[in-house]
Every structure is written in structure tokens, then in C-alpha cells.
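Hi everyone, thanks for coming.

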Amino acid sequence: MKKWMRALPIDERVDALLAEMTLPEKVGQLNQPANVSPGPDRDALAAGRIGSSLYASGALGGNVRDEGLSIRAIEQCQRIAVEESRLGIPVLFGRDVIHGHRTVFPIPLGLAAAWDAELVERLCDVAGSEALREGVAWTFAPMVDISEEPRWGRVAEGFGESPALSGRLAMAAVTGFQRHIGATAKHFVGYGLAAGGRDYESVQVGENTLRNLHLRTFKAAVDAGVLSVMASFNDIDGTPMHANRRLIREVLKQEWGFDGVVVADWSGIGQLVDHGVAADARDAARQGLLAGVDLDMASGVYLAHLESLVGDGEVPLDLLDDAVRRVLRMKFRLGLFDDPYPRTTADPIGPTAATRALAREAAVASMVLVANDGILPLSDQVESLHLTGPFVDEGEALLGTWVLDGRGADVPSPLVAFTDLLGDRLTHTDGRFSDLAAHRTRAAAVTVALLGEHPSRSGEANSVADLGLPAGQLEALKQLCGLGKPVVAVVFGGRPLDLAEVLRVASAVIVAWHPGTEAGPALADVLFGRREPSGRLPMTFPRSTGHVPSSVHARATSRVLDFTRDAWDGRYLDALTQPQLPFGYGLSYTTFRHGGPVASASEVPFGGQVEVSAQVTNTGQRAGRELVQLYLHDPVAEVTRPKLELLDWQWLDLAPGETGTAVFTIGTDAFGYFGRDLTWRVDQGLVRLITGRDATASAAVEVRIVAAGADE
Ligand code: NOJ
């Protein structure tokens, strides 16, 4: 038996295999063409020139469904590679399994609104298991970009604006996926800062902000053992990420010790020519490899040029070997050498009753009630209900962006779910304001208007210049609301929208994102109060498009900007600065009273811990879930720090009248940050710990960090 097939430690197997490889075979491992198939690619597979492949419907966005995966084609390709190539190295097959595979869960921004890492882990486990059974060994998720810019369509794919929330969900996603397939933390790094929210645009950001904000989620994913990291399409201050040696080779690989694969984004290495930093494809390949991008997705420039670049001494062989080692290590880690073929099963892949139940739970947990004059929850005894809007009988459109394998036919639409409940007490119209819509609104006890964005208006390359609802929707809503009957607005979408007018005219508003396979039933659960709404916004909803950026972690400035007062603060002449809906915001069908935080000690030595607790009472008539959010404010630091930084959160399930206590145990490392010299530090002195229901919280307790042993 070849040494690399023996049960040795992985790095020994990698070295043994590498020692046998020719230069063309090594380069083949770094080549990742899209959509390989056993016919046209037979020779390349047999020659060991295709190390991996991704099955994708196109480079843009994943909003175009393809025919689905062909397990047979994957198996045939693998057989050629394993049985006919000289060394029998298996191919790594990847696909974008983003928020579900056959069973589709809410879009990641919606999942973030559930503030529940355990839920994310469970559903990524399901997605990974479904994908594995169709021959997929690797996904390009989770996206852990910090979202600053609601105009940017890709905020739908990420977990929002807080590094603490996003980082913890990223870890959970990695753990869930990697029970079955490899995961990818993407896009490294700064992509969420695309100028003007225009996809792929240039990014200007200093390394201090990168380290304190944007790199943190990647570090979390690396700490969780993510097998790969994808480079991003943007440049940072003039250096495209696919050529960014400083951040990829020095920070990610050397400083953090990441020993997995750095994969290019689609044609990202070849596109160094379009960036205008590489003279031609050969130069692009040289820069990509030197920067530390191991795997060339879709551009083919490594295959075409790495051999001659090594031969001419322009790329050192040890760097090429390092890249190959990483790819082989990942294949060993995934068990591909021992078990290379798709693990097909007779069981249905999904959606099954169990995965539907999880999809419904996740969709319910993602929905955020942002206004309610008391009309909600509706009674299922309601005399009559009028359902209107472009999403009334939609399944497909409620799956969300980046769905390659979910099928609209699997989704019970809102119309189906509401009909199940109300029978002929339900009427519906398509959302255009018409005589019929007016008549049905007047005739019904309540109207539910399903508004918002189609998924093709969010995701990759789908940015908008205006955060308002799509054309015509607000006008129709206002006309309906003018008829004197209650109207509940449900807003679907992949980003924070400008909801100012919707909030002004509607009786209640729910932000429902794109909920996935169980869209209709989950919406009915929440509207009819069978389940309590508990989602909380993972991104700030700005007052208008002109207010972007307005994320929670805005740094302290030279003149105080008080987010807690609903008053003019001097930042704009023509508008208040405060967000329309703050980060963390969300209502319930009951009410809660928060007590201020209490700390277990007023001083905590470096390396020690402090307990902060806060009492919450359910002051309403219904049982409910409340999210206690814990924020940090560091009044004096070496660099400007966020006015508020989310540290932690805790759910409390409370019966009417019940009081519960959220207890947070915080180590002093949580107060740390990267200083002026870009190194991590924790300062002595006071910090303020703030608890409450959202980012307008102000009840604080002060704790002093002191030198270790100071109290002895
Ligand atoms: C381009 C996207 O930016 C990335 O997120 C995706 O994983 C790849 N295409 C592969 O489809």
C-alpha cells in the first residue's frame, strides 16, 4: 500500500504524496475549473490536471437555478481521477450550499435575526448532510463579511453588522457544515465596505478597523477549524485581495497559523488584470500564488502558467508546494482518499418532515415584529382576512438569494398556509391597487400586505441606490391604509429597507426576510400568535438611504453624538441622525421591563472574570421570549472605539408576571482591542457594561480593570 494511504498522521500522508508528484501534477491540484464532466474533461482528470471543481450555475449571484447536481457525473469524474490518474488523487467537488441545500432555511441575515448559534449549527448540519448525499464535499459558506452597507445586495448572505453575533454564528455554521462537508469563510476581507454599496467596488479601510471589526469573524471561523477561506473581489487601499500578501500570507496564514486552503473567488486571480495590477494572465498567476491564494477558481491561470513561473524562478517551488500541501491536507481531512465517492442513500434527501420542522422553526425565529398597534396577533377566528401583495402565492420567491437546489414547488405559499387556516374567510389580490383590492380591504376585518424585495433584487451584483420599497408598493400600501381598515405589512427582503413611511401608515409591521421552504406556515404561525415573534434586527435600519452608513459600531467622535435621544444632534441639518430601527430591535406580543445591570465586582484583575446580571420581568399577558443584550462602552482607549459594542446576549423565556435573570460571565479579554500599533491590548481602567433590549440601551454598570494581583 502506498504510504499516503496508510493510517498515518495527515501531514505525514501529505508529505509522502507530495514527494511522488511531478510539477504538472502539483499544478493540477491548484486548478479548479467549474462544472467538470466526465466527457469533455476525461483527459484532464486522468492526467491529474483537475484538483477540484465547483458546480455553479454561473459566477453571478446564484439567483439562476441550474438543473441540479448529477451524482452520476460526479461519481464518473471521481472514478476517472481515482482509478485512471497516476496517483489516484480524488477530486474535491464544491457547490454553494449557503442557507440550505434541498431544504432551504431563511437567508443568513434572517438567521442572524434569530440570535441563536445552536439553531444555525443544527441547520448547517442538515444542509451539509443533504449536500454530501448529492456528492458535494465542500461548500462556499458561511459568508462572514461584516455588513455596513444595506445598499450592497450581499448583506443578505451574511450575518449582519456585529462581529460578536456574526462571529459566533460563523463558528456554529462551520461546526454544523463540517460534520459532513468542508466549509469556507468568505470573503477575505473588507468586501462589506464596497464603496457606495456597489458590488465589487474598491474599499478604503485602515488596518485598525480591519482588525477590530472585519477580521474578527474570520478569526472566529479559523478558531472553529474552518477548512478553507475565500479571497474577496475587492481591493483594499489599492491592493486587490487576490494579490494581498500582507493580509493573506502574513496575517491569515502566518500570524493566525491557518493551515487550510485559501481559495480564489470566481476568476479572482485572472481578474487581477482587470484591476490593472497585473500585465497579463501569467503575471496574475504569479501575484496570486505569491500572495498566498492556493486554489485558482475558474480562471485557469495557474494551470496555464505556474509551471513556467516555477521553471523561470519567478515563483519559488516551496511556495507552490505549500499551496499543494494545503489542498491535499484538506482532502485528507475530509476523508476523500479513503472514501472518495458520493455517499448516495435510498432515503429522500429533503425536504423531509424533520427538515421542514427545522425550517419552520428557523423561519419563525427569524421574523422581526417592528411595529404593532395591538392588531397582532390575529385571531384564527377572524371574520375575514384579505391577503394582498406580490408574494401572496409565491413559493420560489420566498426561498431567497443563493438557492441552487431548493425548489419553489416545495414551498407552501402564504396563500396556501392562510387558506388552510381560514378557508373561505380568506380573500386575496395580487398587490396592485385596484377597485377589487379596495373593495376586499373594506370588506375584510384585516388586510395583510406582503411587500418587499424579490430575491433577485438582493444577493451578488444586486445592489440598489435607494433603500425604499420596489416601485409602486408603498403607493399601493398607502392607498389601502387610507381606507380606514387595519393593514398589517409584512416586508420580505434581503437587506434593511427604508421603512419610515410603512411604519407611519401600517397597523403592524413584520420584517420577514426571505424565510425559505416553510415560508407560508411560519408566517401564519407568527401572525396568528401560534408562535411568539422573537427576531431582533442584526443590522441597523437607517432612517433613509442618505443615512448610510449607520451601523451600531460607529466610533466615538470629537463631538458627542447621542443615539439615545430622539432629538436633533447637529449631524444633519435636514434630518435626525438616529436610525429608524436600531440594531437589536424587535417587539413581542407581550411586554418586558428590564432592570439595570449589576456586576459581581467593581474591580476585575487582568485575566479574571466578572459576572454581570440583569433582571427582566414579563409585564404583559402572554408568555414570551426576551433577548437581553450586553454591550460594552470603553470610555478611554488608545484608539477611538465603538460607542457601543455588542459583547454577548441571552434569551429568557418568561411566563406572564415572571421575572428572570440573565447572567453573563465576562473575561477581561472581552474588553480588548487592537491599538495604534495594531497589537491586541486590554487596558487598565473603567469600562461600562450596558444591558437592554437593543442598541439604544443605556442602563450601565462600571467595572474597573486592574493589574493582576492589585487586590492582594
Ligand atoms: C462568486 C461569489 O462571490 C462567491 O461567494 C461564490 O462562492 C462563488 N462565486 C462560487 O459560486
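Let's start with the lining of the largest pocket: sorted by class, it has 12 nonpolar, five polar and nine charged residues. Before I go on, please keep in mind that this is a predicted model.

So, how big is the largest pocket? Its volume comes out at about 690 Å³. In total 26 residues line the largest pocket, and the ones nearest its centre are Ala164, Arg216, Ala220, Ala670 and Trp680. Which elements supply at least two residues each to that lining? They are α7, which covers 163-177, then α8, then the strands β22 (645-654) and β23 (659-667). The largest share comes from α8, with seven residues.

Now the second largest pocket, with a volume of about 530 Å³. It is lined by 34 residues, and closest to its centre you'll find Glu148, Ser551, His553, Ala554 and Arg555. By class, we get 15 nonpolar, 11 polar and eight charged residues in the lining of the second largest pocket. And which helix gives the most to this lining? It's α8 again, with five residues.

Since α8 keeps turning up, let's look at how it packs. For anyone new to this, two packed helices are described by the angle between their axes and the distance between the axes. Helix α8 runs over residues 207-223 and helix α9 over residues 245-255; their axes come within 12 Å and cross at roughly 50 degrees. That angle is why we call α8 oblique to α9. The crossing of α8 past α9 is right-handed. On the α8 side, the contact is made by Glu207, Leu210, Arg211 and Val222, and on the α9 side by Arg246, Leu247, Val251, Leu252 and Glu255. Sort the residues of this α8 and α9 contact by class and you get five nonpolar, four charged and no polar ones.

Helix α1 (residues 10-20) packs against helix α13 (residues 317-333) at an angle of about 125 degrees, and their axes are 9 Å apart. So α1 and α13 are oblique to each other. Is the crossing of α1 past α13 left-handed or right-handed? Right-handed. From α1, the contact uses Ile10, Asp11, Arg13, Val14, Asp15, Leu17 and Leu18, while α13 brings Asp321, Val324, Arg325, Leu328, Arg329, Phe332 and Arg333. The residues of the α1 and α13 contact split into seven nonpolar and seven charged, with no polar ones.

Last topic: some backbone details in the loops. Where are the cis peptide bonds I want to point out? One joins Gly350 and Pro351, with omega at about -5 degrees. Another cis bond runs from Val548 to Pro549, with omega near 0 degrees. Pro549 is in the loop between α19 (519-527) and β17 (592-594).

And finally Tyr200: its phi is near 75 degrees, a positive value in a residue other than glycine. You'll find Tyr200 in the loop between β5 (184-188) and α8.

Note on methods: Residues are numbered from 1 along each chain as its sequence is written. This is a predicted model: local features need pLDDT of at least 70, side-chain atom pairs count only at pLDDT 80 or more; totals for chains, interfaces and linings use all residues. Side-chain values use heavy atoms; hydrogens and water are left out. Axes are lines fitted to C-alpha atoms, for helices over the stretch in contact, and angles run from 0 to 180 degrees between N-to-C directions. Helices (H or I, at least four residues) and strands (E, at least two) are DSSP runs, numbered from the N terminus. Angles under 35 degrees count as roughly parallel, over 145 as roughly antiparallel, 65 to 115 as roughly perpendicular and the rest as oblique. A crossing is left-handed if the near helix is turned anticlockwise from the far one by less than a right angle, and right-handed if clockwise. Contact means heavy atoms within 4.5 Å. Ala, Val, Leu, Ile, Met, Phe, Trp, Tyr, Cys and Pro count as nonpolar, Asp, Glu, Lys and Arg as charged, and the others, Gly among them, as polar. On a 1 Å grid over the protein atoms alone, a cavity is a set of points where a 1.4 Å probe fits but cannot get out, and a pocket is an open set with protein on both sides within 12 Å along at least five of seven lines; lining residues have an atom within 4 Å of a point. Grid points are joined across faces, edges and corners, and a volume is the space filled by probe spheres set on the points.
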